[in-house]
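Subject: Structure handover

Hello,

Here is the structure for you to look through. Please open it first, then read my notes below.

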Amino acid sequence: MIFPPKLEKGGTVLLTAPSSPLTDGQPIAGIAAGIEGLGFRVRVGESCRASTARGYAAAPPELRAQELHAAFASPEIDAIWCVRGGSTAWQLLPLLDSGLIAANPKPFIGFSDVTTLHMVLQCRCGLVSYHGPTANRVLGWDTDSFSWPSLLAALGMEDTLDIANPPGEAVKVLRPGRAQGELVGGNLSLVAHSLGTPDQVDAKGRILYLEDVGEAVYSLERMLDQLRQAGVLGEAAGLVFGAFTSCRNAYREGYGPEELLRELFRDWPVPVVYNLRSAHCTPMVTLPLGAACTLDGETVTVSR
């Protein structure tokens, strides 16, 4: 996997909306000002000020794909930061020029629906990308002293980086052991959605990371079983689960995501951990997807 050049202070960041549009409470001017305050120059993509008639897509897929191509190709853009997740990044997949992207590696940041694009960057382009906070989260960083340093540490990592949870949040070991492999994955719903498509997640010999938000516990079980029956879970060298924020069980309140994972993976043949906080939560850890990863008990380390 190819690591993009490090993002230095003073570099130019393109803000793009590859999925859903920003809401009224997330003004692009405020987001841009927040990122400029972190020491970067900002360009705002046309997709950030657009919306389609359907309401849940930021702009027509052709515009969003063209915006990504132009950003990767431009020597004046040093990084690409998705302003939010939502839905419809999948519409871009048949339009993406993988050769152009692979020839112009640069940091690409986001999570949630952006998982779809992370998988393409790893599988088609051989690039490391960053499962980190979307740019709209900069609006709340005056009260978050963890997420920004974690993102900076990932963007500027040297040979190795220890992935550390926020203080007070333990990584929980469901199955002990040691495993190594490239780190892949992201949002469980999007990873499951990739099955049977040309861009299906490839977890063979890799460390698979999964998280989600707002799903019923039975939906989590269904998607995990889908990945199991498709052979994806069984091929992984190790499993890392993030937070499952607001994922509840209306039928039995005391049986939540952690209880489900403990039951499903209590006899799993490879290491399994839970609660790595790179997910729909604040604060948030940034993960360099595609990087070499070592999972050893509750310790997660990535390297070039």
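What share of the contacts in the protein chain with a separation of 6 or more comes from residues 24 or more positions apart? The share is 81%. Keep in mind that this is a predicted model.

**The whole chain**

The protein chain has 9 helices and 14 strands. Its radius of gyration is 18 Å, close to the 19 Å that the globule rule gives for 304 residues, so the chain is as compact as a globular protein of that length. Along the principal axes, the C-alpha atoms fill a box of roughly 50 × 45 × 40 Å. Of the 304 residues, 58% are buried.

**Two helices**

Look next at α7 (residues 217-229) and α9 (residues 257-264). Their axes come within 10 Å and cross at roughly 30°. Angles under 35 degrees count as roughly parallel, so α7 is roughly parallel to α9. The crossing is right-handed.

Which residues meet there? From α7 come Val217, Leu220, Glu221 and Leu224. From α9 come Pro257, Leu260, Leu261 and Leu264. By class, this contact has 7 nonpolar residues, 1 charged residue and no polar ones.

**Phe244**

Now find Phe244 in strand β10 (residues 238-245). Is Phe244 buried or exposed? Its relative accessible area is 8%. Buried means under 20%, so Phe244 is buried.

Leave aside the neighbours of Phe244 within four places in sequence. Phe244 is then in contact with Leu188, Leu210, Glu211, Asp212, Leu220, Pro257, Leu261 and Tyr274. Leu220 belongs to the α7 side of the helix pair, and Pro257 and Leu261 to the α9 side. Asn187 is 57 residues from Phe244 along the chain, yet their C-alpha atoms are separated by 9.9 Å.

**Backbone exceptions**

Most residues other than glycine have a negative phi, and most peptide bonds are trans.

- Thr88 has a positive phi, near 90°. Thr88 sits in the loop between β3 (79-82) and α3 (98-102). Its relative accessibility is 0%, so Thr88 counts as buried.
- Ser246 also has a positive phi, about 55°, and is not a glycine. Ser246 is in the loop between β10 and α9. At 40% relative accessibility, Ser246 counts as partly exposed.
- Thr282 and Pro283 are joined by a cis peptide bond, with omega about 0°. Pro283 lies in the loop between β11 (272-276) and β12 (287-289).

Best wishes

Terms used: Residues are numbered from 1 along each chain as its sequence is written. This is a predicted model: local features need pLDDT of at least 70, side-chain atom pairs count only at pLDDT 80 or more; totals for chains, interfaces and linings use all residues. Side-chain values use heavy atoms; hydrogens and water are left out. Axes are lines fitted to C-alpha atoms, for helices over the stretch in contact, and angles run from 0 to 180 degrees between N-to-C directions. Helices (H or I, at least four residues) and strands (E, at least two) are DSSP runs, numbered from the N terminus. Angles under 35 degrees count as roughly parallel, over 145 as roughly antiparallel, 65 to 115 as roughly perpendicular and the rest as oblique. A crossing is left-handed if the near helix is turned anticlockwise from the far one by less than a right angle, and right-handed if clockwise. Contact means heavy atoms within 4.5 Å. Ala, Val, Leu, Ile, Met, Phe, Trp, Tyr, Cys and Pro count as nonpolar, Asp, Glu, Lys and Arg as charged, and the others, Gly among them, as polar. The radius of gyration is taken over C-alpha atoms; the globule rule is 2.2 Å times the number of residues to the power 0.38. Buried means under 20% relative accessible area, exposed over 50%, partly exposed in between (1.4 Å probe, protein chains only).
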